[in-house]
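Please consult the sequence and the model shown below.

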Amino acid sequence: MAKSDIDIAREARMRPIGEIAAKVAIPDEALQPYGKHIAKVSLDFCDQVASRPDGKLILVTAITPTPAGEGKTTTTVGLTDGLAKIGKKAMGCLREPSLGPCFGMKGGAAGGGYAQVVPMENINLHFTGDFHAITSAHNLLAALIDNTIYWNSEPAIDPRRVGWRRVLDMNDRALRSLVNSLGGVANGYPREDGFDITVASEVMAVFCLSRSLADLEERLGKMVVAQTRGRELITAADVKAPGAMTVLLKEAIQPNLVQTLEGTPVFIHGGPFANIAHGCNSVMATRTALKLADYVVTEAGFGADLGAEKFFDIK
């Protein structure tokens, strides 16, 4: 009987993450370990290597995927391992899995068979907490919007024209549409609201396009969240949210380093969906990898008409 993906992953003999980092000359002092086999790479180190020449970037795409996926991650991991096997200095760059698909029809997003990134279970579940930080930052902004409405503060938000829903990294159709602020005067003004999945958050998209903490804060501030009764646009900066949101994301913005079953270094960082966002891992991870390796293999979500097109046009 053939071994399952999880059986193969659990049998893996993983190298210490410092050993994996050394393959692309990342020093120990640049690592923030999350156990023995996962580490974040400091922003200071990313800045230090920014002036180096770029390696070659290889994009893996596919036709429109089936409910079970189309194999882009598996192909990306296999190609990265293949390049390393023939003596090339290679790295992979992937998106972080979302708990929604992980517990839904599609399943995990760490590759398959002997082309996997490990530790697979950690990566597919909470990993380094990046998605939880993004969820918190997004919902902090939602709370500030409702607080502004409650106190009738400036800017004068029209409760009927709030475009910023809440998020949760889970498939839960019961939360798609609801009414918030019920329970009396102390809880605010009831209005229609709802939850999206975290990977559909604009914070996730902005996070993955940012090149630094300062750039992240600036981009967060430009997000349009509501309108006034006169139909004037209100941004996150108008409700004084970007600074607090950025603080919540200051650890998350550091790229995550893991390894394939063959011990090839891989950055896994960020994870916007490609059907509603650009479907690529973070710019920070890809740009850093290009400074460290001669060949960087990455993927773009959904089909070539979505993820790949947005990769070329946006990322």
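How close do the axes of α8 and helix α9 come, and at what angle do they cross? The axes of α8 and α9 (residues 213-221) come within 9 Å and cross at roughly 145 degrees. The crossing of α8 and α9 is right-handed. By class, their contact comprises 6 nonpolar, no polar and 2 charged residues.

The model is predicted: local features need pLDDT of at least 70 and side-chain atom pairs pLDDT 80 or more, whereas totals for chains, interfaces and linings use all residues. Residues are numbered from 1 along each chain as its sequence is written, and side-chain values use heavy atoms, with hydrogens and water left out.

Helix α7 (residues 130-150) also packs against α8 (residues 202-209), their axes coming within 9 Å and crossing at roughly 120 degrees. This makes α7 oblique to α8, a class for angles that are not under 35 degrees (roughly parallel), over 145 (roughly antiparallel) or 65 to 115 (roughly perpendicular). The α7 crossing of α8 is right-handed.

The residues in contact (heavy atoms within 4.5 Å) are tabulated below.

Thr-288 lies in helix α11 (residues 283-292). Because its relative accessibility is 3%, Thr-288 counts as buried (under 20% relative accessible area; exposed is over 50%, partly exposed in between, with a 1.4 Å probe and protein chains only). Leaving aside residues up to four places away in sequence, Thr-288 touches Cys-46, Val-49 and Phe-267.

Notes
Helices (H or I, at least four residues) and strands (E, at least two) are DSSP runs, numbered from the N terminus. Axes are lines fitted to C-alpha atoms, for helices over the stretch in contact, and angles run from 0 to 180 degrees between N-to-C directions. A crossing is left-handed if the near helix is turned anticlockwise from the far one by less than a right angle, and right-handed if clockwise. Ala, Val, Leu, Ile, Met, Phe, Trp, Tyr, Cys and Pro count as nonpolar, Asp, Glu, Lys and Arg as charged, and the others, Gly among them, as polar.
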